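I opened the notebook today to go through the sheets, the chain contact and the charged pairs, in that order. The entries below follow what I looked up.

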Amino acid sequence: MVDLEKFKYNIIRNFLDQSEVDLLKEYCVIKHRDNKDSFDLIQTNTGDTSFYKDPLMQIFLKKKKNIIEKNLDVKLDETYTFWRCYTYNATLEKHTDRPSCELSATIHIDSDGTKWPIFMGGEPVELNPGDAVIYSGCNIEHWREPFEGDYHIQTFFHYVNANGPYAQYKGDMGKPQ
Amino acid sequence: MEINKFIKVFDDTCSLKVIASFIKYLNKLEFDNAALIGGIVNKKIRSTKEYPFEPNSNKLTDVHWFWFWQKIIADNLKQYASQFKHGCSTTGMMSLSALKYEVGDFYTPHIDYFSKYPRNLSVIYFLNNDYEGGYVYFQNPFTGEDIIGVDPRPGRLLVWPSNFIFPHRVDKVTKGRRNVLVSWWT
């Protein structure tokens with residue numbers, strides 16, 4: 001088992017297979033084009049399209065749990081998902097996450113091709129569609145510089161260690177979004 | 001009945017950080033000369049540049065801003081309509097454009113309703129106020145005298161009925177650049 005106190009991040013290439021990437025790309029673009037009221041005014045400087053616990057993503061949260069469990073050799077419980085379509089000038093401020101995000105994956109779905117690394121504790125990480133970074137959300141500071149392209153779709157799967165100090169956050173029940 | 005009761009402003013309708021991001025986006029877009037109704041450009045009547053936002057744009061950033069501002073305007077128009085006993089039958093946004101008034105730009109007195117474009121409500125959304133001139137003035141519909149001026153302020157939404165009772169103009173910008181959104185509602 002990975003020492004979770006020291007764990008920072010791992011990159012998993014092709015975390016989603018091609019058919020999953022294709023499905024999610026189309027789904028997210030359709031939802032973005034049709035989004036008339038789900039805008040994130042708290043965590044983004046651009047009010048971007050964002051969905052908390054989107055049902056399709058919740059299915060993937062469950063489906064993909066075992067890949068992360070194997071990678072970290074730890075039993076996980078699902079907490080929640082979130083996805084966002086970042087647009088021009090979106091910035092992700094340097095931050096750590098709340099307890100429900102103890103062990104998280106940020107997965108790249110699609111973009112206009114503009115490079116936009118996520119910084120994990122100061123190290124830039126570039127992802128292709130379908131790639132994921134698994135990271136210790138509460139411990140490692142992560143951020144992104146202002147986005148120069150047109151769009152960048154990213155989804156986040158959040159889990160807690162089923163036997164850890166944040167196990168009570170399973171399902172993210174009653175917690176602020 | 002007083003005309004100014006139908007001209008309303010709503011303030012602090014969006015955070016300044018979001019407005020700043022939007023202006024940054026506008027600064028990289030290519031604007032065209034704004035036309036009059038019918039598509040004719042006449043810079044003696046309307047001298048400003050326009051960038052229309054379309055919900056079917058290939059640019060997902062444009063799509064985002066179209067719906068984002070639509071929601072902010074719609075939420076405030078609901079409040080505007082609620083003051084009238086029978087509402088004001090607003091059904092949807094006909095268009096949304098960003099306008100850029102540089103030094104020397106202006107718009108002469110006009111109304112927004114035309115039989116071909118049956119607009120019900122008109123909206124100006126102020127994005128900045130670090131410029132001089134460029135004031136919106138509403139006029140007495142009988143005499144053409146300026147009767148109401150509106151201070152610009154980022155996040156301020158100005159709404160009024162588009163009909164002939166509300167002629168208005170934008171005076172010349174004398175310093176800086178005036179960024180606004182304009183939108184008409186059926």
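In what order do the seven strands of the open sheet in chain B stand, and is the pairing parallel or antiparallel? I read the order as β1-β11-β7-β14-β5-β4-β2, with antiparallel pairing. I keep in mind throughout that this is a predicted model.

**Entry 1, the sheet of chain B.** I looked for the ends of this sheet and found β1 (8-10) and β2 (32-33) of chain B as the edge strands, each of which pairs on one side only. I then followed one pairing inside the sheet, where strand β7 (residues 121-126) of chain B is joined by five bridges to strand β11 (residues 157-161) of chain B, the two running antiparallel.

**Entry 2, a sheet of chain A.** In chain A I traced an open sheet of four strands in the order β4-β9-β6-β7, again with antiparallel pairing. The edges are held by β4 (92-95) and β7 (123-125) of chain A, each with a single partner strand, so one side of each has no neighbour in the sheet. From one strand to the next I noted an average twist of 30°. Looking at one pair, I found that strand β6 (residues 118-120) of chain A meets β7(A) over three bridges in the antiparallel sense, with A:M120 opposite A:E123 in β7(A).

I counted 23 residues of chain A in contact with 19 residues of chain B. The two chains bury about 1800 Å² between them, and 58% of that is on carbon and sulfur atoms. On the side of chain A that touches chain B, helix α1 (residues 18-33) of chain A gives the most, with three residues. By class I listed that side as seven nonpolar, 10 polar and six charged residues.

Over all chains the count comes to 14 salt bridges. I looked at one of them, between A:R13 and A:D131, whose closest N and O atoms are 2.7 Å apart. Because A:R13 lies in the loop between β1 (9-12) and α1 of chain A, and A:D131 in the loop between β7 and β8 (132-135) of chain A, the pair ties together parts that are 118 residues apart in sequence.

Notes:
Residues numbered from 1 in each chain as written. Chains lettered and ligands numbered in written order. Predicted model: local features only at pLDDT ≥ 70, side-chain atom pairs only at ≥ 80, totals over all residues. Heavy atoms only, no water. Contact = heavy atoms within 4.5 Å. Buried area = accessible area lost by both parts, 1.4 Å probe. Nonpolar A, V, L, I, M, F, W, Y, C, P; charged D, E, K, R; others polar. Pairing = 2+ DSSP bridges. Axes fitted to C-alpha atoms, helices over the stretch in contact; angles between N-to-C directions. Salt bridge = Lys/Arg side-chain N within 4 Å of Asp/Glu carboxyl O.
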